[in-house]
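Please read them alongside the coordinates.

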Amino acid sequence: MDIEISTPALLFPAISLLLLAYTNRFLTTGQLIRSLSRQAREVKNQELSGQIENLKQRLELTKWMQFFGVVSMLMCTVSMFAFFLEFYTVGKNVFGLSLLTMCLSLLISLWEVYISSNALNLELKDLYEKCT
């Protein structure tokens, strides 16, 4: 299969948008942590350890999502440079690794979404029990 310099360049818009989405998730998690911290200071006896653990895990996953997304973009750039220098085998291999790191980033993102939805379901369960 022939790959040209433009093939890795096709991933740039997708990776950029993905990194923007990851950054938004990071900022949202940061806001939740700050809100929880304020809540913990105001209400001393409230049990928040489950929420704290969930947010710590989500923050760690978001860090790795961003890490592998950036590595993927960097590898795309290296791949394009290898194609530019006419090192086609190196360019193909690095591009393949770039795709693998992007897949890893997406799988971690999927895991983080699963954890987030479980946390929201717990909140809904608590809310339902208080309302009934």
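1. In which helix does T62 lie? T62 is part of α3; helices here are DSSP runs of H or I with at least four residues, strands are runs of E with at least two, and both are numbered from the N terminus. This is a predicted model, in which local features need pLDDT of at least 70 and side-chain atom pairs count only at pLDDT 80 or more, while totals for chains, interfaces and linings use all residues. Residues are numbered from 1 along each chain as its sequence is written, and side-chain values use heavy atoms, with hydrogens and water left out.

2. Is T62 buried or exposed? T62 counts as buried because its relative accessibility is 0%; buried means under 20% relative accessible area, exposed over 50%, and partly exposed in between, with a 1.4 Å probe and protein chains only. Beyond its neighbours within four places in sequence, T62 has contacts with Y22, F26 and E112 (contact: heavy atoms within 4.5 Å).

3. The largest nonpolar core has 15 residues; such a core is a set of buried Ala, Val, Leu, Ile, Met, Phe, Trp, Tyr and Cys residues joined through side-chain atoms within 4.5 Å. The members that touch the most others are L11, I15, L19, C76, F95 and I108. At least two residues of this core come from each of α2 (11-42), α3 and α4 (88-131), and α3 gives the largest share, 6 residues. Leaving out residues up to four places away in sequence, I108 touches L61, W64, M65 and F68.

4. The largest pocket holds about 600 Å³ of space. On a 1 Å grid over the protein atoms alone, a pocket is an open set of points with protein on both sides within 12 Å along at least five of seven lines, and lining residues have an atom within 4 Å of a point. Its lining has 22 residues, with L36, Q51, L55, A119 and E123 nearest the centre. Helices α2, α3 and α4 each give two or more residues to the lining, and the largest share, 9 residues, is from α4.

5. E86 sits in the loop between α3 and α4. Its phi is near 65°, a positive value in a residue other than glycine. E86 is exposed, at 56% relative accessible area.

Definitions and conventions. On a 1 Å grid over the protein atoms alone, a cavity is a set of points where a 1.4 Å probe fits but cannot get out, and a pocket is an open set with protein on both sides within 12 Å along at least five of seven lines; lining residues have an atom within 4 Å of a point. Grid points are joined across faces, edges and corners, and a volume is the space filled by probe spheres set on the points.
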